[in-house]
Amino acid sequence: MLAYYLRLGVRSLRRNPMLTLLMVLAIGFGVAASMTTYAVFRAVSGNPIPDKSAKLFKPQIDNWGHANGRTSDDPPDAMDYTDAMALMKTGKATRQTVSYPVGLSVIPANPKAKPFNVTGYATYADFFPMFEVPFQYGGAWPASDDTQHAPVAVISEKVNQRLFGGGNSVGRSIDIEGHRYRIAGVTRTWNPQPRFFDVNNTGGFAPDPPEIWIPFTRAVDLQIPTWGNNNCNGNVSPGWKGWLYSECVWLSYWVELPDAAAAARYKNYLHAYAAQQQQAGRFDWPPNVRLHNVTEWLADQHVVPQESQVSLFVALGFLVVCLVNTIGLLLAKFMRRAPEIGVRRALGASRGEVYRQFLAEAAMVGVAGGVLGLLLTAGGVLGIGMVFDPDIARLARVDVTLVALTLLVAVFATVIAAFYPTWRAARVQPAWQLKSN
Amino acid sequence: MQIKPILSALRHHKAGTILIAVQIALTLAIVCNALFIIQQRVTQLSRSSGVDEAHLIRIQNQWVGTDDKDIGPLMKADLDTLRRLPGVVDAYATNTTPLSNGGWSTGMSLKPGSKGERTMTAIYFADNHTLNTLGLKLVAGRNFHASEVAPHMPHDTLQPPQVIVTKALADKLFPGGQAVGKSVYLGDKPSIIVGVVARLQVPWVGGWASNWEGQSTLVPRQLMMGGANFVVRVKDGQLGKIERAAPAALLASDRMRVIADDHGVMTFTQMRQDVYKRDRGMAILMGVICLVLLGITAAGIVGLTSFWVGQRRKQIGVRRALGATRHDILSYFLTENLLIGVTGVVMGVLLAMGMNQWLMQAFEMQRISWLWVAGGVIVLLLLGQAAVLAPAMRASRVPPVVATRTV
């Protein structure tokens, strides 16, 4: 019977091609607008490290208070050197790392090749296992290199390609700004989005993967400045040391904790540390600390761009208008066939049969709208670079899930829209229709 | 035209009437807010940066293998190279420029140290060539003297004896006017305002700096860091040539440097495009959504009204037979649409305000102005009338003889 209803549907739709086209267009545009913006939204609101996002935590300590007319009650987003080193020294977490972005010039061994810039992080050995950095060759440097301030480096696949032609370069050396470093490992291309471990400096999205990592302790010895933000509140003494021990915040501190109980213990520890600083007279405000896991931190920092949210909501509103439009057109279409329905009902068709017939017809409009929507979505995703930053736009892609979702939303939405017109159609009184003719 | 018969006719088409009204209401709410977003973005991206963008190039240069303290002579040599190039008007080195979306900000105070209220300002490193290079207009005081320009190591405290500020900053600090000669504080030591320029936008174009986007300070200091930005002003028609010649001349004078291939050399026109990309994109997206939405709403009205006309052919025939003119039939449908439209826009205005209220809370947008809502109301009413015109014309052409037929 369903096949018969589908055939009837095709006939009926072909009888008013303009009206049918209008409905298909409305559904197609509505679905495409929603799906395109959803593709972006999905890309920017994704979990960058799903299996560990509940185990990685970002501690914050308020080292500014309300000094110098500051009004915010939140601790600064980044950490100062003094506190980071104190936390690092006690090492209360399973793993911990502190890092800051660096921009370095690499001088190739070949004197004919031009020097080039790479960006990456000065960090601790725990960075690599904590954030699950994949390696092509070698691995993280040993923790002893951190304490010895050793000249070691981890480089990316791309840098390895440029310097060593892609071969296993572990153990070889590389010249960074006139200093030699031994290569401990080569990572595969790794660029989690959002870049949760460095929201402070990237805003969450960085187009280019990090290319180099060197020990934090070594970078501080060499006075390598941060490539990212440096925020100060109050006066800073002159010189590198003066800045290092100031209350300027510029570091990203992360810890790995196995479970909620450990997180609670760590938060207590942060609280106790801040209380101790208050007693020592460094803070003249009560302890104000935070401990966010990855997803909480991304939400706290509003990583999902405003554009993405606003356009998703506007597009959903647009879809609703398209559906209201479809309800109206289907109503017109179905009610025009009241005499036909009357005849079918008089010949013994139940209300259920009428329901099935008209919902099948609506579902076909939905499928056609979905196919059109799919084409428009594909075009939309291609053209999305016009609206969003290229580093965000490139994250949005059409995949199986999106295709399935687009078709599903189109059919589902159309069938929902068809319920009221169908209900009206099913209520047609056969006697009345037959009489009037 | 009598309204009463129309209302009683509409009572027989409750569902269709409500659907059109709801569609008009939703469309109005979305279009008003979308147009408002467009207007805000366009205002944002048409602000002037205060510099002579059409003739400016920024070169991001990184010296390789040098200590910060050895940079002075390198910078001087590079600036000489750039200023000597034929076609170049002037050049200087700085930490950042307008339209770059990154730089230094600090609080400026009328009292030393951390005492006193602080006014936010962006810090631009500058020398005696800066005003000429950027094309800034001095409205009071004087330019820096060459002797006042000094090197600044990255972690030195910044408190130069002289500064030049923008008019926006001067007005904020000294509402009484006359800022030249007054002292301001970046740290413990005073800086004398020696000049005031008409306008120089801060490096950030949106978000956090939007309340003080004109408050900039020029300091007569050269930042001794491995990376520097050279700003070059060129003569008319020389932009393309210098864009290639400047980095080539720098590399020829000293190879130990990095000027990135992709964004190492940029014209200020490109920088403006890049930095406002989101704003322009958002405006385009909203514009497209508005157009498609209006189109779909119009098409919906055409569809439903056509159906009504088809359904009422017999009644129309009867009215015509009883003496109604074509004009009467036409104006019947136009008035009917107007009634539905007015109901729709009344709901739509409430919805638009609600949506704006919510956007204000969730995304810190501004309150929508009544002008936009009023504009949206007029657009939708006109759209409704235009959409109904074709089916109404068809209705008016229904001949009176239809009344005598049974089917």
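Colleague: How much helix is there over residues 21-41 of chain A, and how far apart are the ends?
Modeller: Residues 21-41 of chain A are 100% helix and 0% strand, with the end C-alpha atoms 30 Å apart; helices (H or I, at least four residues) and strands (E, at least two) are DSSP runs numbered from the N terminus. This is a predicted model, in which local features need pLDDT of at least 70 and side-chain atom pairs count only at pLDDT 80 or more, while totals for chains, interfaces and linings use all residues. Residues are numbered from 1 along each chain as its sequence is written, and chains are lettered from A and ligands numbered from 1 in the order in which they are written.

Colleague: Which spans of chain A does UniProt list as "transmembrane region"?
Modeller: The unreviewed UniProt entry lists residues 21-41, 310-332, 358-388 and 400-420 of chain A; its positions are given in the numbering used here, feature names are shortened, and annotations may be inferred rather than shown by experiment. Among these spans, residues 310-332 of chain A are 100% helix and 0% strand, and their end C-alpha atoms lie 33 Å apart.

Colleague: What span should helix 16 of chain A have, and where is its kink?
Modeller: Helix 16 of chain A (residues 400-426) has 27 residues and should span 39 Å at 1.5 Å a residue, which agrees with the 37 Å between its end C-alpha atoms; the expected span is 1.5 Å times one less than the number of residues. The kink, of about 40°, lies at Phe419(A), shortly before the proline Pro421(A), the bend at a residue being the angle between axes fitted to the seven residues ending there and the seven starting there.

Colleague: Switching to domains, how is chain A divided?
Modeller: Chain A has domain 1 (2-45 + 305-436) and domain 2 (56-300), with bounds that come from an automatic or database domain assignment. The C-alpha centres of these two domains of chain A lie 50 Å apart, and 6 residues of domain 1 are in contact (C-beta atoms, placed from the backbone, within 7 Å) with 5 residues of domain 2. Helix 15 (residues 390-393) of chain A gives the largest share of the domain 1 side, 3 residues.

Colleague: And how is chain B divided?
Modeller: In chain B, domain 1 covers 4-45 + 278-404 and domain 2 covers 65-255, and their centres, taken over C-alpha atoms, are separated by 55 Å. Chain B has a radius of gyration of 32 Å, whereas a compact globule of 407 residues would be near 22 Å; the radius is taken over C-alpha atoms, and the globule rule is 2.2 Å times the number of residues to the power 0.38.

Definitions and conventions. Contact = placed C-beta atoms within 7 Å.
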